[in-house]
Amino acid sequence: MSISATTAKASSHGYDPTFTGQVIAATGPNAHKRLAQIMPSLLRHLHDFAREVDLTVAEWMSAVEFINEAGQMSNDRRNETQLVCDILGLESLVDEISSKLLRKSSPDSIGTTSSAILGPFYRKDAPILPNGASIVAPETRDAFAKDLAHFSGRVVDDKGNPIPNAIVDVWHTAPNGMYEQQDPDQPDFNLRGRFRTDEAGKYSLYCLRPAPYPIPDDGPSGLLLKLLDRHPWRPAHIHVIVTADGYRPLTTQIFDKGDKYLTNDTVFAVKEDLIVEFVTRKDDQDAKWTLVYDFALSRV
Ligand code: MBD
Ligand code: FE
(Lines give C-alpha, C1' and ligand atoms only; values in the text may rest on other atoms or scores of the structure.)
(Ligands and ions follow the chains in the order given, each with its own letter.)
Protein backbone atom coordinates (compact mmCIF):
# COMPACT_ATOMS: atom_id res chain seq x y z
CA MET A 1 0.00 0.00 0.00
CA SER A 2 2.69 2.47 0.95
CA ILE A 3 4.84 1.44 -2.02
CA SER A 4 1.97 2.14 -4.40
CA ALA A 5 1.35 5.47 -2.64
CA THR A 6 5.00 6.33 -3.25
CA THR A 7 4.74 5.19 -6.83
CA ALA A 8 1.69 7.34 -7.50
CA LYS A 9 3.40 10.38 -6.04
CA ALA A 10 6.66 9.68 -7.84
CA SER A 11 4.86 9.36 -11.14
CA SER A 12 2.99 12.59 -10.61
CA HIS A 13 6.40 14.23 -10.21
CA GLY A 14 7.57 12.55 -13.37
CA TYR A 15 10.49 10.67 -11.75
CA ASP A 16 11.19 6.95 -12.21
CA PRO A 17 8.27 5.32 -10.38
CA THR A 18 10.16 2.07 -9.69
CA PHE A 19 13.27 3.62 -8.17
CA THR A 20 12.47 3.66 -4.43
CA GLY A 21 11.11 0.10 -4.61
CA GLN A 22 14.42 -1.07 -6.10
CA VAL A 23 16.43 0.51 -3.29
CA ILE A 24 14.15 -0.98 -0.62
CA ALA A 25 14.30 -4.39 -2.30
CA ALA A 26 18.12 -4.38 -2.20
CA THR A 27 18.01 -5.23 1.52
CA GLY A 28 19.06 -8.88 2.00
CA PRO A 29 17.40 -11.67 4.02
CA ASN A 30 20.06 -11.54 6.74
CA ALA A 31 19.75 -7.84 7.37
CA HIS A 32 19.84 -6.51 10.93
CA LYS A 33 16.28 -7.01 12.17
CA ARG A 34 15.35 -3.59 13.42
CA LEU A 35 17.04 -1.93 10.45
CA ALA A 36 15.18 -4.17 8.02
CA GLN A 37 11.99 -3.08 9.77
CA ILE A 38 12.62 0.67 9.70
CA MET A 39 14.70 1.31 6.57
CA PRO A 40 11.85 0.96 4.05
CA SER A 41 10.06 3.80 5.85
CA LEU A 42 13.19 5.94 6.04
CA LEU A 43 13.92 5.38 2.35
CA ARG A 44 10.35 6.21 1.33
CA HIS A 45 10.34 9.46 3.32
CA LEU A 46 13.85 10.41 2.20
CA HIS A 47 13.16 9.78 -1.48
CA ASP A 48 9.72 11.38 -1.34
CA PHE A 49 11.30 14.44 0.24
CA ALA A 50 13.92 14.72 -2.50
CA ARG A 51 11.27 14.33 -5.21
CA GLU A 52 8.79 16.65 -3.51
CA VAL A 53 11.25 19.56 -3.34
CA ASP A 54 13.08 18.68 -6.59
CA LEU A 55 16.33 18.52 -4.64
CA THR A 56 19.31 19.40 -6.83
CA VAL A 57 22.77 17.83 -6.75
CA ALA A 58 24.24 21.12 -5.51
CA GLU A 59 21.72 21.31 -2.65
CA TRP A 60 22.27 17.70 -1.65
CA MET A 61 26.05 18.27 -1.68
CA SER A 62 25.77 21.27 0.61
CA ALA A 63 23.79 19.08 3.01
CA VAL A 64 26.57 16.45 2.87
CA GLU A 65 29.13 19.15 3.68
CA PHE A 66 26.92 20.43 6.50
CA ILE A 67 26.81 16.97 8.09
CA ASN A 68 30.56 16.47 7.59
CA GLU A 69 31.26 19.76 9.32
CA ALA A 70 29.02 18.86 12.25
CA GLY A 71 30.86 15.56 12.64
CA GLN A 72 34.29 17.15 12.38
CA MET A 73 33.34 19.66 15.04
CA SER A 74 32.16 16.96 17.46
CA ASN A 75 34.38 15.51 20.18
CA ASP A 76 34.07 14.48 23.82
CA ARG A 77 33.46 18.10 24.82
CA ARG A 78 30.95 19.05 22.20
CA ASN A 79 28.42 17.13 20.14
CA GLU A 80 27.53 19.37 17.21
CA THR A 81 25.60 16.63 15.36
CA GLN A 82 23.38 16.21 18.39
CA LEU A 83 22.91 19.97 18.51
CA VAL A 84 21.73 19.92 14.89
CA CYS A 85 19.19 17.25 15.85
CA ASP A 86 18.14 19.41 18.81
CA ILE A 87 17.27 22.48 16.77
CA LEU A 88 15.35 20.23 14.37
CA GLY A 89 13.30 18.98 17.34
CA LEU A 90 14.48 15.41 16.81
CA GLU A 91 15.99 14.80 20.25
CA SER A 92 12.82 16.14 21.90
CA LEU A 93 10.66 14.00 19.63
CA VAL A 94 12.52 10.75 20.37
CA ASP A 95 12.44 11.67 24.07
CA GLU A 96 8.65 11.95 23.81
CA ILE A 97 8.42 8.63 21.98
CA SER A 98 10.65 6.82 24.50
CA SER A 99 8.75 8.26 27.42
CA LYS A 100 5.37 7.28 25.93
CA LEU A 101 6.66 3.72 25.43
CA LEU A 102 7.88 3.67 29.03
CA ARG A 103 4.55 4.91 30.37
CA LYS A 104 2.73 2.21 28.43
CA SER A 105 5.02 -0.56 29.71
CA SER A 106 5.25 0.63 33.28
CA PRO A 107 1.98 0.94 35.24
CA ASP A 108 3.58 2.85 38.13
CA SER A 109 4.92 5.59 35.84
CA ILE A 110 1.75 7.71 36.13
CA GLY A 111 2.57 10.90 37.98
CA THR A 112 6.33 10.38 37.81
CA THR A 113 8.56 13.23 36.66
CA SER A 114 8.68 13.97 32.93
CA SER A 115 11.88 13.35 31.08
CA ALA A 116 13.61 15.93 28.90
CA ILE A 117 16.50 15.72 26.48
CA LEU A 118 20.05 15.04 27.60
CA GLY A 119 21.55 17.69 25.33
CA PRO A 120 25.09 17.77 23.98
CA PHE A 121 26.96 18.96 27.10
CA TYR A 122 26.64 16.10 29.58
CA ARG A 123 29.88 14.77 31.06
CA LYS A 124 30.06 11.46 32.90
CA ASP A 125 31.93 11.08 36.18
CA ALA A 126 31.13 14.45 37.73
CA PRO A 127 32.51 14.64 41.28
CA ILE A 128 30.48 12.86 43.95
CA LEU A 129 29.86 15.45 46.65
CA PRO A 130 28.26 15.33 50.11
CA ASN A 131 24.79 16.83 50.51
CA GLY A 132 25.02 20.54 51.19
CA ALA A 133 28.18 20.98 49.10
CA SER A 134 28.49 23.62 46.38
CA ILE A 135 29.11 22.96 42.68
CA VAL A 136 30.17 26.60 42.21
CA ALA A 137 33.96 27.02 42.08
CA PRO A 138 34.98 28.93 45.27
CA GLU A 139 36.95 31.54 43.31
CA THR A 140 33.80 32.51 41.34
CA ARG A 141 31.36 32.70 44.26
CA ASP A 142 31.85 36.42 44.93
CA ALA A 143 31.39 37.36 41.30
CA PHE A 144 28.18 35.30 41.08
CA ALA A 145 26.92 36.19 44.57
CA LYS A 146 23.52 37.45 43.38
CA ASP A 147 22.83 34.12 41.59
CA LEU A 148 23.82 31.69 44.35
CA ALA A 149 21.02 29.20 45.01
CA HIS A 150 20.27 26.41 47.46
CA PHE A 151 18.73 23.48 45.59
CA SER A 152 17.16 20.59 47.50
CA GLY A 153 14.35 18.10 47.44
CA ARG A 154 13.63 14.41 47.54
CA VAL A 155 13.76 11.49 45.17
CA VAL A 156 10.54 9.51 45.56
CA ASP A 157 8.58 6.72 43.92
CA ASP A 158 5.17 7.08 42.25
CA LYS A 159 3.45 7.00 45.68
CA GLY A 160 5.72 9.65 47.15
CA ASN A 161 7.78 7.20 49.22
CA PRO A 162 11.41 8.31 49.61
CA ILE A 163 14.14 6.54 47.65
CA PRO A 164 17.39 6.54 49.65
CA ASN A 165 20.75 6.12 47.87
CA ALA A 166 19.54 7.61 44.61
CA ILE A 167 22.14 9.59 42.67
CA VAL A 168 21.21 13.10 41.53
CA ASP A 169 23.64 14.20 38.80
CA VAL A 170 23.36 17.95 38.15
CA TRP A 171 24.93 20.31 35.58
CA HIS A 172 24.28 23.80 34.30
CA THR A 173 25.93 26.76 32.56
CA ALA A 174 27.81 29.63 34.15
CA PRO A 175 26.21 33.09 33.90
CA ASN A 176 28.27 33.69 30.73
CA GLY A 177 26.18 30.97 29.07
CA MET A 178 28.92 28.38 28.87
CA TYR A 179 29.28 24.88 30.25
CA GLU A 180 32.70 24.42 31.83
CA GLN A 181 34.08 22.32 28.98
CA GLN A 182 33.36 25.16 26.54
CA ASP A 183 35.06 27.74 28.71
CA PRO A 184 38.82 27.79 29.35
CA ASP A 185 38.24 30.14 32.31
CA GLN A 186 36.21 27.62 34.32
CA PRO A 187 37.82 24.85 36.36
CA ASP A 188 37.32 21.27 35.21
CA PHE A 189 33.85 19.97 36.22
CA ASN A 190 32.74 23.39 37.51
CA LEU A 191 28.94 23.53 37.99
CA ARG A 192 28.66 19.75 37.90
CA GLY A 193 28.18 17.32 40.74
CA ARG A 194 26.58 14.08 41.87
CA PHE A 195 24.69 13.86 45.17
CA ARG A 196 23.39 10.78 46.96
CA THR A 197 19.99 10.90 48.67
CA ASP A 198 19.90 10.18 52.40
CA GLU A 199 17.58 7.84 54.34
CA ALA A 200 14.69 10.27 53.82
CA GLY A 201 15.35 10.43 50.07
CA LYS A 202 16.72 13.97 50.41
CA TYR A 203 19.46 15.65 48.42
CA SER A 204 20.76 19.20 48.75
CA LEU A 205 23.39 21.38 47.14
CA TYR A 206 24.39 24.92 46.31
CA CYS A 207 24.42 25.97 42.66
CA LEU A 208 23.55 29.07 40.65
CA ARG A 209 20.18 30.30 39.51
CA PRO A 210 20.84 29.85 35.79
CA ALA A 211 20.17 32.41 33.07
CA PRO A 212 18.75 31.96 29.57
CA TYR A 213 21.55 31.52 27.04
CA PRO A 214 22.11 31.12 23.30
CA ILE A 215 23.28 27.71 22.15
CA PRO A 216 26.72 27.86 20.50
CA ASP A 217 26.23 29.32 17.03
CA ASP A 218 29.76 29.01 15.67
CA GLY A 219 29.04 25.79 13.75
CA PRO A 220 26.50 24.26 11.36
CA SER A 221 23.66 24.58 13.93
CA GLY A 222 24.23 28.31 14.19
CA LEU A 223 24.35 28.63 10.42
CA LEU A 224 21.08 26.75 10.04
CA LEU A 225 19.40 28.89 12.70
CA LYS A 226 20.48 32.01 10.82
CA LEU A 227 19.31 30.68 7.47
CA LEU A 228 15.94 29.85 9.03
CA ASP A 229 15.68 33.28 10.70
CA ARG A 230 15.51 31.62 14.12
CA HIS A 231 16.89 32.74 17.47
CA PRO A 232 19.43 30.53 19.34
CA TRP A 233 18.08 30.97 22.90
CA ARG A 234 17.25 28.35 25.47
CA PRO A 235 15.31 29.19 28.64
CA ALA A 236 17.33 29.00 31.87
CA HIS A 237 17.59 25.35 32.88
CA ILE A 238 19.36 22.90 35.16
CA HIS A 239 20.07 19.42 33.81
CA VAL A 240 19.51 16.43 36.07
CA ILE A 241 19.93 12.68 35.73
CA VAL A 242 18.45 10.71 38.62
CA THR A 243 19.33 7.04 39.03
CA ALA A 244 18.48 4.52 41.73
CA ASP A 245 18.70 0.73 41.94
CA GLY A 246 15.43 -0.85 40.86
CA TYR A 247 14.14 2.34 39.19
CA ARG A 248 14.19 3.68 35.64
CA PRO A 249 16.88 6.32 35.15
CA LEU A 250 15.40 9.77 34.66
CA THR A 251 17.10 12.28 32.37
CA THR A 252 15.46 15.66 32.65
CA GLN A 253 15.83 19.43 32.96
CA ILE A 254 14.11 21.95 35.19
CA PHE A 255 13.21 25.40 33.95
CA ASP A 256 12.94 28.77 35.68
CA LYS A 257 9.32 29.99 35.82
CA GLY A 258 8.83 33.33 34.09
CA ASP A 259 11.72 32.91 31.65
CA LYS A 260 10.76 34.56 28.36
CA TYR A 261 12.03 31.58 26.37
CA LEU A 262 9.85 28.95 28.11
CA THR A 263 7.40 29.07 25.21
CA ASN A 264 10.01 29.26 22.45
CA ASP A 265 12.96 27.11 23.53
CA THR A 266 15.16 26.70 20.47
CA VAL A 267 15.45 22.95 21.21
CA PHE A 268 11.76 22.43 22.19
CA ALA A 269 12.42 20.72 25.54
CA VAL A 270 10.10 22.47 28.04
CA LYS A 271 7.33 20.54 29.83
CA GLU A 272 4.83 21.92 32.31
CA ASP A 273 5.78 19.77 35.33
CA LEU A 274 9.45 20.75 34.92
CA ILE A 275 8.88 24.47 35.52
CA VAL A 276 10.17 25.54 38.95
CA GLU A 277 10.22 28.68 41.04
CA PHE A 278 13.30 30.17 42.70
CA VAL A 279 12.18 32.01 45.83
CA THR A 280 14.14 34.58 47.82
CA ARG A 281 16.21 32.88 50.53
CA LYS A 282 16.57 34.41 53.96
CA ASP A 283 19.19 33.90 56.64
CA ASP A 284 21.75 32.11 54.47
CA GLN A 285 24.85 34.06 53.49
CA ASP A 286 25.73 31.35 50.98
CA ALA A 287 22.64 31.77 48.81
CA LYS A 288 20.12 34.35 47.62
CA TRP A 289 17.64 31.83 46.18
CA THR A 290 15.89 28.67 47.30
CA LEU A 291 14.79 26.00 44.88
CA VAL A 292 12.94 22.88 46.05
CA TYR A 293 12.03 20.08 43.67
CA ASP A 294 11.13 16.40 44.10
CA PHE A 295 11.93 13.86 41.39
CA ALA A 296 9.55 10.89 41.10
CA LEU A 297 10.87 7.70 39.49
CA SER A 298 9.06 4.62 38.25
CA ARG A 299 10.20 1.08 39.02
CA VAL A 300 12.11 -0.93 36.44
C1 MBD B 1 21.95 22.96 25.77
O2 MBD B 1 22.43 23.51 26.89
C3 MBD B 1 21.06 22.01 25.90
O4 MBD B 1 20.71 21.67 27.14
C5 MBD B 1 20.50 21.39 24.80
C6 MBD B 1 19.48 20.34 24.97
C7 MBD B 1 20.90 21.76 23.54
C8 MBD B 1 21.82 22.75 23.41
C9 MBD B 1 22.36 23.36 24.51
FE1 FE C 1 21.74 22.71 28.62
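**Terms and values in a predicted model**

Reply: Thr-113 lies in the loop between α6 (90–105) and β1 (128–129); helices (H or I, at least four residues) and strands (E, at least two) are DSSP runs, numbered from the N terminus. This is a predicted model, in which local features need pLDDT of at least 70 and side-chain atom pairs count only at pLDDT 80 or more, while totals for chains, interfaces and linings use all residues. Residues are numbered from 1 along each chain as its sequence is written, chains are lettered from A and ligands numbered from 1 in the order in which they are written, and side-chain values use heavy atoms, with hydrogens and water left out.

Me: Why is Thr-113 called buried?

Reply: Buried means under 20% relative accessible area, exposed over 50%, and partly exposed in between (1.4 Å probe, protein chains only). Thr-113 has 9% relative accessibility and therefore counts as buried.

Me: What does Thr-113 touch, not counting residues up to four places away in sequence?

Reply: With contact meaning heavy atoms within 4.5 Å, the residues touched by Thr-113 include Arg-103, Leu-250, Asp-273, Tyr-293 and Ala-296. A polar atom of the Thr-113 side chain also lies 2.7 Å from the backbone nitrogen of Ala-296. A polar contact is a pair of N or O atoms within 3.5 Å; within protein, one must be able to donate a hydrogen and the other to accept it, and residues adjacent in sequence count only if both atoms are side-chain atoms.

Me: Why does Leu-43 count as buried?

Reply: The relative accessibility of Leu-43 is 13%, so this residue counts as buried. Leu-43 belongs to helix α3 (residues 33–52) and, leaving aside neighbours within four places in sequence, is in contact with Thr-20, Val-23 and Ile-24.

Me: Which side chains have an N or O atom 2.8 Å from an oxygen atom of ligand 1?

Reply: Arg-234 has such an atom at 2.8 Å, and His-239 likewise at 2.8 Å. For His-237 the distance to an oxygen atom of ligand 1 is 3.2 Å. The protein covers 99% of the 260 Å² of accessible area that ligand 1 has on its own, areas being computed by the Shrake-Rupley method with a 1.4 Å probe.

Me: What makes a set of residues a nonpolar core, and which members of the largest one touch the most others?

Reply: A nonpolar core is a set of buried Ala, Val, Leu, Ile, Met, Phe, Trp, Tyr and Cys residues joined through side-chain atoms within 4.5 Å. The largest has 49 residues, of which Phe-151, Ile-238 and Phe-295 touch the most other members. Its largest share, five residues, comes from β5. Apart from this core lies another, of five residues, including Tyr-179 and Ile-241.
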